[in-house]
Structure formats: C-alpha cells, structure tokens
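Trainee: I am new to this one, and I would like to learn it by asking questions. Could we look at it together?

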Number of protein chains: 2
Amino acid sequence: MRIDGRPYRTIWPDGDAVAVIDQTQLPFRFEIRRLATRDEAADAIRSMVVRGAPLIGATAAYGVALALRDDPSDAGLGEALRVLGATRPTAVNLAWALARMEAALRPLAPSARHGAALAEAASICDEDVAACEAIGVHGARLIAEAHARTGRTVNVLTHCNAGWLATVDWGTALSPVYKAHDAGIPVHVWVDETRPRGQGAALTAFELNAHGVPHTVIADNAGGHLMQHGQVDLCLVGSDRTTATGDVANKIGTYLKALAAHDNGVPFYVTLPLSTIDWSLEDGVREIPIEERSCREVTHVTGADEAGDLRTVRIVSPGSPAANPAFDVTPARLVTALITERGVAPASREGFLSLYPERRVGTAA
Amino acid sequence: MRIDGRPYRTIWPDGDAVAVIDQTQLPFRFEIRRLATRDEAADAIRSMVVRGAPLIGATAAYGVALALRDDPSDAGLGEALRVLGATRPTAVNLAWALARMEAALRPLAPSARHGAALAEAASICDEDVAACEAIGVHGARLIAEAHARTGRTVNVLTHCNAGWLATVDWGTALSPVYKAHDAGIPVHVWVDETRPRGQGAALTAFELNAHGVPHTVIADNAGGHLMQHGQVDLCLVGSDRTTATGDVANKIGTYLKALAAHDNGVPFYVTLPLSTIDWSLEDGVREIPIEERSCREVTHVTGADEAGDLRTVRIVSPGSPAANPAFDVTPARLVTALITERGVAPASREGFLSLYPERRVGTAA
C-alpha cells in the first residue's frame, strides 16, 4: 500500500540483499532496514523488525536465499533452516515457509540453489499478496453493499493490526478497506487501540493514515457504545487460528467486540487465509491454548515524549500484579461470515467445506 | 480503609482546616494535602486532588465551612456557594451538597454558621460512609454465597474505580470486596485497567494493594476470555447514573463486560447509592447523554519513568485522530441485580420500588 503516495510492500529484494520496513520504529519513524545476511534476517525476525505471521514467513524465505548465496552446500542449507527456524518458534508460517524452501531447494545442485531460493521467496511473497488481495476483493463487496444500502460513509470497526504491515501487502482485515477506499467507496475505520501492545494505535493507525484512509483511534472499551448508537456498520478482524467449525482465535478483546456486534445486529466478519484454518480443532474455547505474555506489557507503556524520543513509563500502581492473556476465542455463533481468499462463507464446517471442497472426506470429489 | 495498616478516610477535619489524600499523586506518591481556605478547597476539586462524586460533595461542604470561618455573613455564604459550585459544574453531588449546606446554614445567625457548617459537612461525610458500608454489607453476602457454593477464593471482576477513594470511605463496587475480605472470605479482584484514563490500573489497584486485598490488573480486553474460562465468579461495578428502569450509565467499557458476563452466566451486579437513580429516565441508551472527553486521554499516557518521575508519552500514531466517549450504558436486561444501601433488587422499575416504596406513585403509602 502507499506511504506518502509511494507504493510499498513490507519486504522486497534490494540488489544482493533484501529490504524491510523497520516496524520497531513505527509509528514514530519510518525507516527501511537492509538485511544482507542470513543472520541479519534472523535478527530482524527475532527483534520484531518484521512481525505478522505472513511477513515472518517471507523474511525467513529470503533469509534462506541470503544464506545460500554465501554457502549453498547441504550443510549451509541445513544451518539456515535451523537458525531461521529458531527465531520465533511458535509462528506457524515460519515453519511452513522454511519447509517449503527446503522442499524446493534440497533436490537441487548447490550451484542452482541461490537463484532458485530467490525465486521461491519471491513466489511466497507474491502468493501472499495475491491471497490478501483476493480477501480484499471479496470483503470490499460487503463494504460496497453497506454503502449502497445506507448511501453514506461506511463505518468499519477493526481490532489489532491485520493490515498490510502484518503481511507482504494488502493485509487481511484491512484489505477490504483498502480495496473499497481505492475504488472510491467512502469508508471510515474505528481503530481499537488494542491494549496491551497497542498495535491498533501504533500500526493500524499508521498504515491507514499513510494510505489516506479516514480513521479514528478509540479505546478498546468504546466499541460497544459506538455500536449501540449506530456508528458501526460492520466489523472486520483477522484470525490467528480458526477451527474447522469456525471458532476464531484472535487478539485478546476480539470476543468482546463480537458480543457487542451480535447484541446490536452489526455484521461481524473474520478475514483469514486458508493457512490459519486448523482442521483438527472442533471447539476453539476448549481446545486452543492461549499464550500468556509478559505482564510488563500491561504495567508499562512505551511512547514518544515531546522531543520524539521513545520512553517507557509504568502505568499500573507499583506493587500490583498483572496478567496478560494475548488472545481470546470468538465462538462461530458470533461470526456473521468468514472472508477468505476463495470467497465469503458462513462460520461453520459446512461453510469452510463449501470453499475448500478438497477437504471433504469420503466424497467422490 | 487501610493504607499500610493505618485506617483512612479520603477527607477529615484537621484542626482549623480539612485534610485530603492528594489523588493527583496516586498511585506513585501518597501525600496528604491540607486545605485551609475556601479557595484551597475549590482548587482541590478543580484540579482533581479530590475526585469521585461523593468526595467532591464532601469537599465542597467543608469548603463552605472554611469560607464561613472567615466570613459568616450572607454575602460570604453566597460567595462560597458560587465559587465552590463553579468548580466541576456537572458533578451532581456537588450541587446537592451545596444546596444542603445552604438550607442548613442560611436560616442561622452568622455567628452560629461556622460551627453548624462543620457539623453539617461531617454529617454529609458520615452519611456517605454509612450508605457505602451498607452497600458493602449487602454485596458481601453475595460474595459469601459464592464462596460457600464453590469452597474456593471468589474471583470478582471490576471496572474503573468505584472504591473508597471515590467516596469518603468503603466505596461502592469495592465496598462488598472490603467487607468480604475483612470478614475472612477469600476474595481476589480482576482489575480492568480502564482505558483511557486508567483509573483501574492507578486507583483501584492502589487501594486494593494498600488494604491488602489480592488482585491482578488486566487489560480491558481480557475480561471476556477470563469469563469464558470460569475465572470470574461475579462482576461488581459502580454507576454514574441509573434510570428508573435499571439501565446503568457507567465508565466506558462496562457494557462490554456485562455482555461477556451474560454470555457466560456470570452474575453482573451494579452497586449504587440512591443518589445515582434518575427517576425521570426510562431508556438509558436513548436518553442518557454521553460526555465526549479530550482525545488526548486516548493519544497520550502519563506514568512514572524509572526514576519515578511522571512523564507523558504519545502512544497513537502521529496524525491519527482519536475519539473518547467517557461512559456507556448497560441495559437492565444484562444486570443480574442492583446493590443499594437498602438492599439487593432486580434491575427494573419494580425492583427499585421494592427498595424505595416512597417513590411509588398513586398508592396509599
């Protein structure tokens, strides 16, 4: 998407190296970081210079290519997979991207590996962009319908950052917003700040502002009030993991917004690529383990002081403990529909199977 | 309640003056401020050295007494009412306390006014303490019942600060917690941080910690997840304004927690003194105007740096606007019961009238 009118992806090849947007500096500074070696790519993932599951996978893929430029041997490939795989061990896209790189490269002669790795990493990026853009096309239709129905600006509420900064381009939840905005449909986004890490206030607000999409940041507490008063036409959120039955694990607080949407008749859409569906799970609330993160994310906040320098301050009363569950599960009954790269479907096993008939067991298909 | 083992109220007479806890310094510093004149009392209200509707009323009452010590004439009384009444014009308890002081003092000879004013201010404080303590007694029974049912620590979730710091003592939502804790019932409080102003993280956490009540601060997003997993036995919140039908206007985000409680079968109790009931209102969502506060409360956060100095940092992406509705309305259908100084009743017109039969119109009573 655009920053100050110029189109960007979050990662792109840059001569002998790969370039990324340094997301640790956002929203206060926009800096490009050049990653020239395997270890610089690994560091970028580990230190969250890049974040968001699809972008982590893409960076790891380029990291393999950088490693093979220096050492295309079997040993060099194995070491690259090991080093890059250890950076964020729980990120499912990381393991997926590295397995795909290995499958493509291991059979090749060492001399062919560097070039093939660059091509494979580029394919991973392009496929992510295509999937996210397709989600945008399908979702934008829902925004266009809301506009046709009301004749006024469509108010979308989103939670956390499921925007292009978390992917290679377009994003998931925000892709329909960009598609609608670029098509001239008037759209405005209520951006949940998304405590405790503040991805909405920092990243979603930054990317919407940079692309020129009207938006307003709100406290996470405010969404229910806005929905009670008709100020939200639809909700769009991402998903970190989705059960085969349509339950959605996403950033903590998503469930509360889904409850408010349900209570006020506001459509609540979850956007997701195929890769987040866990076909083995039936009951999200009972089966999906929820990561408990550092309580310091709750007790302390980092922001920019008047001089623009980043500072960290304590906001919780000293001596008081804190807890920090990072995700919650929104039951499928609260989800109006799922928006995937293949289209829109009800949040149910049948809904998924209508989009992914190849997953149907025991049929002639 | 206690701070470091020593009992306090939020306001008390101190020789010729009145002493208050300086709440602008909490939670990082505990300082007593001595208010020796009418203008010092007015400044304390205006600058939020004291906050919380009942405490504002009590401080204004003592402010009248301080004014009459220096000038007990009709002119002195009138000027005191004017100056103090202009400090926080929307606080309903402020106008109520000043009207009560005027009614008690205007008929008296000037020479009798200072002493009578001190006595009336003390009565206002004592009556607030008694009402809050009675709420605690009624509410603690519900905590005791939960403990008897489960045999383990009772987990209470609260939002914002409806504790003793907002009143003269005991508080409203936290009064049942203190009563239960002091009676030896094991109780633990999940404290919503309560963005954007952070009254939970700062004040509720401070007072629970100071009194020795086990508690854990959480992001406002976390309550639904905790309720889904059986980690909340009941919710206790305050009310800024309550309709005759039991709809509750309270700090923004209360409605979202009520939805989650309802969805998970967790009892959701609202504590309130008679004074917050607005008998003229029928439909809280439609009729209660919601204050829109400064967006700077959303975009900026103040906390203590490592040296303990207070610093303000920006957390929202520069250039992005913010909105800040300060309250929301929880419909009566989501409220399990109301806890008042007269007892516990359903959140409905009939429920209120069972506690306040003198409000029944057209009956022999």
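**Two chains, then one chain in detail**

Trainee: How many salt bridges are there between chain B and chain A?
Mentor: This is a predicted model, so local features need pLDDT of at least 70 and side-chain atom pairs count only at pLDDT 80 or more, while totals for chains, interfaces and linings use all residues. Residues are numbered from 1 along each chain as its sequence is written, chains are lettered from A and ligands numbered from 1 in the order in which they are written, and side-chain values use heavy atoms, leaving out hydrogens and water. A salt bridge is a side-chain nitrogen of Lys or Arg within 4 Å of a carboxyl oxygen of Asp or Glu. Between chain B and chain A, the count is four.

Trainee: Which residue of chain B meets Arg333(A) in a salt bridge?
Mentor: Side chains of opposite charge can pair when their charged atoms come close. Here the N to O distance is 3.0 Å. The partner of Arg333(A) is Asp263(B).

Trainee: Which element gives the most residues to the side of chain B that touches chain A?
Mentor: Helices (H or I, at least four residues) and strands (E, at least two) are DSSP runs, numbered from the N terminus. The elements of chain B that give two or more residues to this side include helix 7 (199-211), helix 8 (223-228), helix 9 (254-263) and strand 15 (310-314). With six residues, the one that gives the most is helix 9 of chain B.

Trainee: What is the area buried between chain B and chain A?
Mentor: Buried area is the accessible area (1.4 Å probe) that two parts lose on being put together, summed over both. Carbon and sulfur atoms give 59% of it. In chain B, Asn221(B), Gln228(B) and Leu256(B) lose the most, together 15% of what that side buries. The area is about 4800 Å².

Trainee: By what turn can chain B be laid on chain A?
Mentor: Copies are superposed by least squares on the C-alpha atoms of residues with pLDDT of at least 70 in both. The RMSD is 0.0 Å, and the shift along the axis is 0.0 Å. The two copies are thus related as by a two-fold rotation axis, and the turn is 180 degrees.

Trainee: Which residue in the turn between strand 3 and strand 4 of chain A has a positive phi?
Mentor: Strand 3 (residues 11-14) and strand 4 of chain A pair in the antiparallel sense over four bridges. They form a hairpin with two residues between them. The phi in question is about 60 degrees, and it belongs to Gly15(A).

Trainee: How far apart in sequence are the parts that Arg33(A) and Asp22(A) tie together?
Mentor: These two form a salt bridge, with the closest N and O atoms 3.1 Å apart. Arg33(A) lies in strand 5 (residues 32-35) and Asp22(A) in the loop between strand 4 (17-21) and strand 5 of chain A, so the separation is eleven residues.

Trainee: Which proline does a cis peptide bond join to Arg195(A)?
Mentor: Most peptide bonds are trans. This one has omega near 10 degrees. The proline lies in the loop between strand 7 (187-192) and helix 7 (199-211) of chain A, and its name is Pro196(A).

Methods:
Pairing = 2+ DSSP bridges.
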